[in-house]
2 protein chains.
Amino acid sequence: MDSKPNAIVAQSGGPTAVINSSACGVIEEAMSCGKIGKVFGATNGILGVLKEELFDISAEKPETIEGLKQTPAAAIGSCRYKLKSLEDSRGDYERILDVFKAHDIHYFFYAGGNDSMDTADKVNKLAAESGQSLVCMGVPKTVDNDLACTDHCPGYGSVAKYVATCAMEAGRDTEALYTHDTCTILEVMGRNAGWIAAATGLAHRSPEDAPHLIYVPEAAFSFDKLVSDVKEVLKELGMVFIVAGEGLKDESGNYVTTATGAFSKDSFGHIQLGGVGDMLKAVIEKEVGIKARFNKLGTNQRSAMHCASLTDVNEAYMCGRAAVKAAVAGENGKMVTLVREEGPEYKCRTGLAELSDVANGEKKVPKEYINDRGNGVTEAMLDYVRPLVMGEAPVRMGADGLPVFMRFERRALQKKLAAYM
Amino acid sequence: MDSKPNAIVAQSGGPTAVINSSACGVIEEAMSCGKIGKVFGATNGILGVLKEELFDISAEKPETIEGLKQTPAAAIGSCRYKLKSLEDSRGDYERILDVFKAHDIHYFFYAGGNDSMDTADKVNKLAAESGQSLVCMGVPKTVDNDLACTDHCPGYGSVAKYVATCAMEAGRDTEALYTHDTCTILEVMGRNAGWIAAATGLAHRSPEDAPHLIYVPEAAFSFDKLVSDVKEVLKELGMVFIVAGEGLKDESGNYVTTATGAFSKDSFGHIQLGGVGDMLKAVIEKEVGIKARFNKLGTNQRSAMHCASLTDVNEAYMCGRAAVKAAVAGENGKMVTLVREEGPEYKCRTGLAELSDVANGEKKVPKEYINDRGNGVTEAMLDYVRPLVMGEAPVRMGADGLPVFMRFERRALQKKLAAYM
């Protein structure tokens, strides 16, 4: 009989190319540290705990676990379930602790964004209150790169590499058909923070290289400004390539896609159509009088394993291991952070931050990373993001010329955890 | 003084990941065959000839020319200029022959689709009529894969590899957040032919793998069918991943994005918004009552050099060389074709077809490649496309972790050839 306590690893929020690398780090360290018994996966994050949908990851084949590093999205399953306050959702929190007790879970490793850190924090506090032995550690994850207390987030380097590559490539497409004024818009993710859009500045190595204009939610956006920016670039280059974060806001902080109402309703009257790409295209075609087109990478940008950053994969893995190392060394209630060391060469180590500090914080693109005109990024931004996209993550290719991703044998696809949604 | 006649190489239509590989093949063969003097690039296709915007590609550095194989889109510049009949555009055709004469051009290599083959054919016929020595050869190019007389088109294998990879990856994203019925739509190119959408069938290796539904323009589409298909997949899997070609048509052959008019006008009343992805999302949200999202890869799919098929790159290059070899061997008025040899192993060689046969033909996805229900593809389709995506094209990476693409030193970006548009 194994007397060592067990651990749960779970994933939450929007998937990334490397959240599974973090899981791999947690699992491998937990299985080799000698202080943890079994490692369970909680299917679909905290929902899997609530529903007691656990599976024994430590019984999976080693190559399956190793394959996590080359598999995008969340192999354990993710969720968007936000627990309310301890007062309002006490039943949920107690249920979580009961499930932990039933499976002798003393360690809970939760990879996610600030909502997940909030959940982990509250579970941890309730456990302490009720005298239940529990260590809750957070592993940072978000393509949006908006977590407080960490230099950057695992997931961001890969999406940055992919969207910058996409801007380069679609930029060449725009340039190729450059026989008259022409416009391409690349819509990227980032509802509140413009880190993803800003990263495409890496592609702009020379004046003709895309993107020529970059709009982020942190800089107040107006359609008048857009039209005048576009006209100016067209005068100079005869073409314009625009990157727009999906959450552009006007001076009052309202999303421009909903502010005017122009495109917010379809003919049924209640479904919001399209987004920023759509809207910019329509405005440019009408006000500038040129043909515009838009690409919307959508969930492909956060799952682009085939173009992931090796730096990002390695750091994500390092964060997973660090969470376990810290936990078994006696830390509790912390999220692993990435700390960029001083010096000319990029070096990154892990640190720790209080879960509650991460839960309540948010990191936006700072003013000094955005140019004065609010339509591009500065060298400081490029210096920040450049090291994060370095290196190409290996991808195992199948005999059919396409990537091979893993699935856990023991995780059944759980249809409808909707009782909790 | 060099008494050997000169050649022009030009590119036309929508760019691809490998049209530059074809150009590389033309240039390298032309420069080494001993029968051709200089090789000029015509900036932006036939427009460059009309405007006499030529540049001496044979004077470019060899590494620039070699770099064409790793550069997406059209490095010489492309155009969408369609010459009318000889009667209606005689001035244009005569101008072309005059420019050819002025620069001692005896060989014209044109990479493009059927409109470009039509142009090359007409130029050739007028030259013959007027006794001007000219050899016009076509090099096939189109991501749409809809050219007649050839087994497949350079450009298609790469877009197929990319969209199948994207379906795999975004499919994992859909699966990760699989806590309630959920839907992702991937909109891909293909206004009249569904080859690109059909290729994503490669990603569906197991029942849960995306895509679960594939709609192509060749199969009559209806929203009733969509809703019932979606409900059926949801019942089975609890999630649904749909790939839709942008040119879906109803039973009468009308585009569904314009047929109903529901989404065809914005609030200005005259600009068509969005496309199939938008529309399917709205219908599914309303009629099925689940959240749906769509990704629209747009021009990123045809320029995705970072995920190009090595088979495609090599065949594109082979087509370029074959065009020159055939031309100097005495062929004229032909397009190079790809001929798939019989036998269990994939082997492909080049052949030749009359330009006029290609110009007037079109190849759609045949019935036997589409399943009976019109919502997926058959094994025959997969057998057809599988060899075309094999191998990964090398991409030179820069010190900044992003691809390095080439530009010709001698080609100035030509702002506004709009006089001819």
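**Close-up views of a predicted two-chain model**

**View 1. Strands β5 and β10 within the sheet of chain B.** In chain B, strand β5 (residues 135–140) and strand β10 (residues 334–340) run parallel and are joined by two bridges, strands being DSSP runs of E of at least two residues and helices runs of H or I of at least four, numbered from the N terminus. M137(B) has K334(B) of β10(B) as its bridge partner. This is a predicted model, in which local features need pLDDT of at least 70 and side-chain atom pairs count only at pLDDT 80 or more, whereas totals for chains, interfaces and linings use all residues. Residues are numbered from 1 along each chain as its sequence is written, with chains lettered from A and ligands numbered from 1 in the order in which they are written.

**View 2. Surroundings of S21(A).** S21(A) is found in helix α1 (residues 19–32) of chain A, and it counts as buried because it has 30 C-beta neighbours inside 10 Å (the cut-off is 20 or more other C-beta atoms within 10 Å, with C-beta atoms placed from the backbone). Its C-alpha atom is separated by 8.8 Å from that of G67(A), which is 46 residues apart along the chain.

Conventions
A residue is buried if 20 or more other C-beta atoms lie within 10 Å of its own, exposed if 12 or fewer, and partly exposed in between; C-beta atoms are placed from the backbone. Two strands pair if DSSP finds at least two bridges between them.
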